[in-house]
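Let's take a friendly first walk through this model. Here are the sequence and the 3D structure to keep beside you.

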Amino acid sequence: MSYYSGCLDSHQPHFLEACFLCRKTLACNSDIFMYRGNTPFCSKECRQEQIEIDESTEKKSWKMSSSSSRSIRKSDPKDSTPNKSVRTGTVAVA
């Protein structure tokens, strides 16, 4: 029977061996800060930096898709409603 204890010297890399951002080795018996399910980080700072990178990337991609859909909406006046509201922001879940 084989399992990963985090301290064994193994030839196959495991996703909890190193910080996703700085690649620092994650030591045994130290805190591991997780993000989006299975992405490990060595510190709160590394995790926060990745969160900010992801938010920036998502915001840029949202703006690009929003501007392209806006130009499509402008070309089709029958679909436009002047009283539409859109909520934007960040949702934090604990």
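Predicted model: local features only at pLDDT ≥ 70, side-chain atom pairs only at ≥ 80, totals over all residues.

## Ground rules

A residue is called buried when its relative accessible area is under 20%, exposed when over 50%, and partly exposed in between, using a 1.4 Å probe and protein chains only.

Residues are numbered from 1 along each chain as its sequence is written, and side-chain values use heavy atoms, leaving out hydrogens and water.

## The overall picture

The chain has one helix and two strands, and from the N terminus they come in the order β-β-α. Both kinds of element are DSSP runs numbered from the N terminus: helices are H or I with at least four residues, strands are E with at least two.

How much of the chain is buried? Of its 94 residues, 15% are. The chain exposes about 8400 Å², with carbon and sulfur atoms supplying 52% of that; such areas come from the Shrake-Rupley method with a 1.4 Å probe, and for residues only the protein chains shown count as cover.

## An aromatic cluster

F20, Y35 and F41 form one aromatic cluster. Rings of Phe, Tyr and Trp (its six-membered ring) pair if their centres lie within 6.5 Å; planes under 30 degrees apart are stacked, over 60 edge-to-face, and the rest tilted. By this rule there are two aromatic pairs. Take F20 and F41: their ring centres are 6.0 Å apart and their planes sit at 75°, so this pair is edge-to-face. F20 lies in the segment before β1 and F41 in strand β2 (residues 39–41), so the pair ties together parts 21 residues apart in sequence.

## T39 and its neighbours

Which residues does T39 touch, leaving aside those up to four places away in sequence? They are F20, F33 and M34, where contact means heavy atoms within 4.5 Å. T39 is found in strand β2 and is buried, with a relative accessible area of 15%.
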